[in-house]
Amino acid sequence: MKYKSQAVAKLYFIAAIALFLGQIIFGLIMGLQYVVGDFLFPAIPFNVARMVHTNLLIVWLLFGFMGASYYLIPEETETELFSPKLAIITFWVFLAAGVLTILGYLLVPYAALAKMTGNDLLNTMGREFLEQPLPTKVGIVLVALSWLFNITMTMLKGRKTAISLVLTLGMLGLAVFFLFSFYDPVNLVKDKFYWWWVVHLWVEGVWELILGAMLAFVLIKVTGVDREVVEKWLYVIITMTLVTGIIGTGHHYYWIGAPAYWQWWGSIFSALEPIPFFMMTVFAFNMVNKRRREHPNKAATLWALGTSVMAFLGAGLWGFLHTLAPINYYAHGTQLTAAHGHLAFYGAYALVVLTMISYAMPILRGRAANPERAQIMEMWAFWLMTVSMFFITLFLTGAGIVQIWLQRLSSTPMSFMAVQDQISIFYWAREGAGIVFLIGLTLYIRSFFVKGESKAFE
Amino acid sequence: MSATFTKSMARNVFYGGGLFFFLLFIALTFDTMQALPKRDNSQNITPAVAHGKKLWEVNNCIGCHTLLGEGAYFAPELGNVYPRRGPDFIKAWIKGQPTGAPGRRQMPQFNLSDADIDDVIAFLKYASEINTNKWPPNIEG
């Protein structure tokens, strides 16, 4: 690596992968509970498993984003990190907070956890994805601010590239919009309305800036295409992201008590949300086709291309599938939402973090690329995880369509639980695909330990 | 992309476009907040409803159920459970958990007092009277 301080990224990447493994194990537990309802009950009720599954996802992605920025910012700004020490302290604080929170979910009844952690002072808990106790939420804010501070100070003393500006802007948005998680009014409509300011404006807004910046960085590195070209693409893509995605928040406001005009705003703008993802796909393939060098890290290029395609499918296509208000009227809150959620998070965010790890980790370990055999194993892991996640999505889509048919469209609608029995075959198939995913992930982790002749720097 | 469209033009379009649509979003939000009192049933928020919402949250009900279509998809929609089942059924149901039926999905026992359960029901009644543009499509949720 070019700058000594980039080394802090390694810690973050290792933690990200470990928590990713935990996320998948809890995903498999939940998947089984869908069909064997009393599995692990009452030790780990479904709601606890789900909290662990989704919170681990958020935390490992944040570790990934942070690690990625500590790696790429020194290279972009051509200067050492402002404070590697602060980055290391932040790492341990965040890891401790994350692990304690997960243990809290698993070991203490949620209501007792709320009482212990001061939820009576300021109630913020018990809302989807924002289940964290108050001290954890405060911790997340502090960690995000420390990260933002470190990166901004580094940028101020070095070269200011579009990639680093966009990344920093994304982080700033992440920190600012998370503040809405502290607002939990009794009025359920307002609660839901501003809850989306965290959830939607993160994943369909500012996180996409971070995603775009990370992808652009890796593409410059592995293709050697001129920075001017890559950064122009980056700006155009994220312009479309914000133009479509901000008002696109409206697709969550159809049925929660907000005025009916959101059905128009939400439908029109969110129907355009696939555009930036499609542009990202075109961009990634274009850059790789126009490459000026053959980077020895073939696996990183595969992850990068995979990100662009799977993000388009998961976030773009599967989002579009149920975003128009007349369709969403029937699809809202069914397994179709779960299908979209899985492929979108995997395709856009899990894959971009894995892309960055794939590119940076060999360099952090002192070589340009991993040995051939390690790369082949890593590419197998890519295909196993990606194809199995695609199948998880297909099975959940099947479940969702049948659910909508039996429970909502039929002239003699069946009850929720009766429908769940009817679609259990899809849940079994999904669990099978989940096991393949776990095999892929295990292979991925093993690929770090494959020995052989590694590619030295040119 | 053509050479006449430079990177700095792209950057300006990004900042301009992002800012414009964010301001538009703020304006729509402002209008929504003005319109809400006619739709959000907030005139019926009593201390019991407020306490019911808190109990809903600290027992992580959203971890299995949906409420107005949002949440987990493991257990039934509860935005309209009040008209679907009525208060007596809901109370008996919460008290009777877990069923222990082998292989069936299990709801935990939350050890709520009768007064607490009444407040949860008050919250669910309030939620069911929010104007949701006629969602869900039928009583099954």
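Biologist: Among contacts in chain B between residues at least 6 apart in sequence, what percentage joins residues at least 24 apart?

Modeller: This is a predicted model, in which local features need pLDDT of at least 70, side-chain atom pairs count only at pLDDT 80 or more, and totals for chains, interfaces and linings use all residues. Residues are numbered from 1 along each chain as its sequence is written, while chains are lettered from A and ligands numbered from 1 in the order in which they are written. Two residues are in contact if their C-beta atoms, placed from the backbone, lie within 7 Å. Of the chain B contacts between residues at least 6 apart, the share joining residues at least 24 apart is 67%.

Biologist: What radius of gyration does chain B have?

Modeller: The C-alpha atoms of chain B fill a box of roughly 70 × 40 × 30 Å along the principal axes. For 141 residues, a compact globule would have a radius of gyration near 14 Å (over C-alpha atoms; the rule is 2.2 Å times the number of residues to the power 0.38). The value for chain B is 22 Å.

Biologist: How far apart do the C-alpha centres of the two domains of chain B lie?

Modeller: The domain assignment, automatic or from a database, gives chain B domain 1 (7-37) and domain 2 (40-128). Their C-alpha centres are separated by 37 Å.

Biologist: Which element gives the most to the side of chain B that touches chain A?

Modeller: In total, 58 residues of chain B are in contact with 62 residues of chain A. H1, H2 (47-58) and S2 (70-71) of chain B each give two or more residues to that side. With 14 residues, the element that gives the most is H1(B).

Biologist: How many residues does H1(A) give to the side of domain 1 of chain A that touches domain 2 of chain A?

Modeller: The centres of domain 1 (1-160) and domain 2 (218-458) of chain A are 20 Å apart. Their contact takes 21 residues from domain 1 and 20 residues from domain 2. On the domain 1 side, H1 (8-35) and H2 (46-77) of chain A give two or more residues. H1(A) gives the most, 13 residues.

Technical notes: Helix = DSSP H or I, 4+ residues; strand = E, 2+ residues; numbered from the N terminus.
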